[in-house]
Amino acid sequence: MSTEALLREMRQRLRDGGLHGCFLVRDLHTGQELGIEPDTQLPAASLVKIPLALATLERIRRGELDGATMLTVEPGRITSPGPTGLSRFRHPVRIAIDDLLYLSTCVSDGTAADALFALTPPAQVAGIMREFGLQGISVRHTTRELTETPVERFEAAEAHLAYALAIEAGTSGRGHRVPQLDVTRANSGSARSYVELLQALWTPSAIPPEVAGRVRGLMADNLLRQRISPDFSSDASIWSSKTGTLLNLRHEVGVVEHSDGQTFAVAVLTESLVPAGTQPDADAVMAHVARTLRDHLRQL
Amino acid sequence: MDLVGACRAFVSVSERGSFTVGAAAARMSQSVASRRVAALEERFGERLFERTARRAVLTPFGRDMLPAARQLVLAADVLQHEAETAKLKPWRLAVPDICSTAGLARLIADARGHGVTLDLRAAAPAERAELLHSQQVRAALLAVPRDEATWSVPLGLAGAQDPGGKRLYAETLRMGRAALGEPRRIWIQPEDDVPHIRDPLTRLRDAVGLRPAQLVVAADHTAAAAEVLCSRDVLLCSPAQARELALHWRPLGEITLTRGFALATAVAGHPDHIRARLGDDIARCLGADEGVETPGAVVT
């Protein structure tokens, strides 16, 4: 099948699945790419925890922070569905910075991420990204703000109204009346900017090798594997990734390393047009499209 | 007194110059003619005829009254004729375009038996309301929610294959993770493209995790039926429609959907008398007189 026909079919699949999707798949050795709307900016949701981990680990390398430092973290006590780890804890904990990195990156714990943001504020994370020459990923706020969305204000039976609002209240130029969904105010990025970040982490770059290696290790331990992992992981490959989920946003960016050495970066950023919270089929469609693009790229 | 009858006797006797012949020409007995003329003379306080032995001759007063009496008789005849014509004037009624030709013909025939001549306009729901609003029809059967409906028709899902069981759950149409091929669709006829049917079904689609493309509003009833006949798709329809298409009908498992109809008349009209006269005939035409059938009774 020609690339054009394949992309057309994939766009139709996304439309049928009620998704607006931005995809980019890149062969990290040859630089060959295949994508759908790879330059569209979307709010990053929890994807921002990769730049956060990168900045924190870089400061540990520089000696500004010590990974063994114990911090007291207040529990999140969040009971609405979604948040994990310390965000759901009921009692304060004493925890080391290294372990906060694990919780923030591998189980997408927002409270752990905010404890790290307290050490390295969003502006400083953005500054370190710039030092590494990584453009296009905005880091503007902590993750606490991500959990205070309209969906927390509705009863479970009426949560679909919050999703309808998320879908309908967009303004021109990718603005939005829900601040977490407004790319001009929220942490945001495009599929391409996240593939650039993955490329810098997996191939030699301005990022010191030991820092990149630790971020890769954290992403390999990602516990949230329901989205596109099922279509990429096997005994013959390693899938390292980070997911992002907020209101109608579903993202995952990751790298698949095959045992023969081939390595592909995959960035999938989507917004759903379906006003429902739980949509396993959206995850399945995202994974199918990402895999199809990767398979096509691999055989070229 | 019967003024028109008296004038008719007066005019007829004066034209014939004889009570006997004049009475016969007006199809009344001579004694009735005499009594009516006498009553008229008493009312005016003046004689109309010189009563000689054999002939009835007008008095000068009688000659003066004759032209006006003729006009009155003529006007009464016109009035009677108008009444007959008005009774035959057809009642324009907008009906759903899903009713079968046989059903509509039966409705017209039954209505004629009740002294009402119907002129039917088959149209989709929005068009029926528009026809009524612009007074192109005198009355319309409007699509309304169940609690406002005079006639209700149960809706369910019908497919070419026998699904077994008593009801069909929309969730059974959801794609499994390992499923291949095209997902099964639910087709909505234009008649059911109204908020009180389409919106709960859309919400159900999102809640049970169907893809957006699995719920389709067809351009017309025939196209929808054709799709269902040649695939595993299902049609949202009434038991009667399913029988006509030889499809297997089941009630929807998760929610109860009902087509409701109410008779509405243009501005000054009052629908009660037509509803009283034609209610049963309309119910039969809409298929509202039957209850929900047991699966065993569905004709295949």
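In which helix of chain B does Leu204(B) lie? Leu204(B) is part of helix α7 of chain B, residues 195–207. Helices here are DSSP runs of H or I with at least four residues, strands are runs of E with at least two, and both are numbered from the N terminus.

Before we go on, some ground rules: this is a predicted model, where local features need pLDDT of at least 70, side-chain atom pairs count only at pLDDT 80 or more, and totals for chains, interfaces and linings use all residues. Residues are numbered from 1 along each chain as its sequence is written, chains are lettered from A and ligands numbered from 1 in the order in which they are written, and side-chain values use heavy atoms, with hydrogens and water left out.

Back to Leu204(B): is it buried or exposed? With 10% relative accessibility, Leu204(B) counts as buried (buried means under 20% relative accessible area, exposed over 50%, partly exposed in between, with a 1.4 Å probe and protein chains only). Skip its neighbours within four places in sequence, and Leu204(B) is in contact with Ala170(B), Leu252(B), Glu254(B) and Ile255(B); contact means heavy atoms within 4.5 Å. Ala170(B) sits 34 residues away along the chain, yet the two C-alpha atoms are separated by 8.0 Å.

Now try Arg92(B), in strand β3 (residues 91–96) of chain B. Arg92(B) is partly exposed, at a relative accessible area of 31%. Again leaving out neighbours within four places in sequence, its contacts include Asp119(B), Arg121(B) and Gln136(B). Leu210(B) is 118 residues from Arg92(B) along the chain, and their C-alpha atoms are separated by 42 Å.

Next, look for rings. How many aromatic pairs does the structure hold over all chains? There are 4. Rings of Phe, Tyr and Trp (its six-membered ring) pair if their centres lie within 6.5 Å; planes under 30 degrees apart count as stacked, over 60 as edge-to-face and the rest as tilted. Phe232(A) and Trp239(A) are a stacked pair, 4.9 Å centre to centre with 15° between the planes. Both are buried: Phe232(A) has 4% relative accessibility and Trp239(A) has 2%. Over in chain B, the rings of Phe19(B) and Phe49(B) have centres 5.5 Å apart and planes at 65°, so that pair is edge-to-face. Phe19(B) belongs to helix α2 (residues 19–25) of chain B and Phe49(B) to strand β1 (residues 49–51) of chain B, so the pair ties together parts that are 30 residues apart in sequence.

Finally, check out how two helices of chain A pack. Helix α3 (residues 97–106) of chain A and helix α4 (residues 110–119) of chain A have axes 8 Å apart, at an angle of about 130°. Axes are lines fitted to C-alpha atoms, for helices over the stretch in contact, and angles run from 0 to 180 degrees between N-to-C directions. That makes α3(A) oblique to α4(A) (under 35 degrees is roughly parallel, over 145 roughly antiparallel, 65 to 115 roughly perpendicular, and the rest oblique). Among the residues of α3(A) that meet α4(A) are Leu100(A) and Leu103(A).
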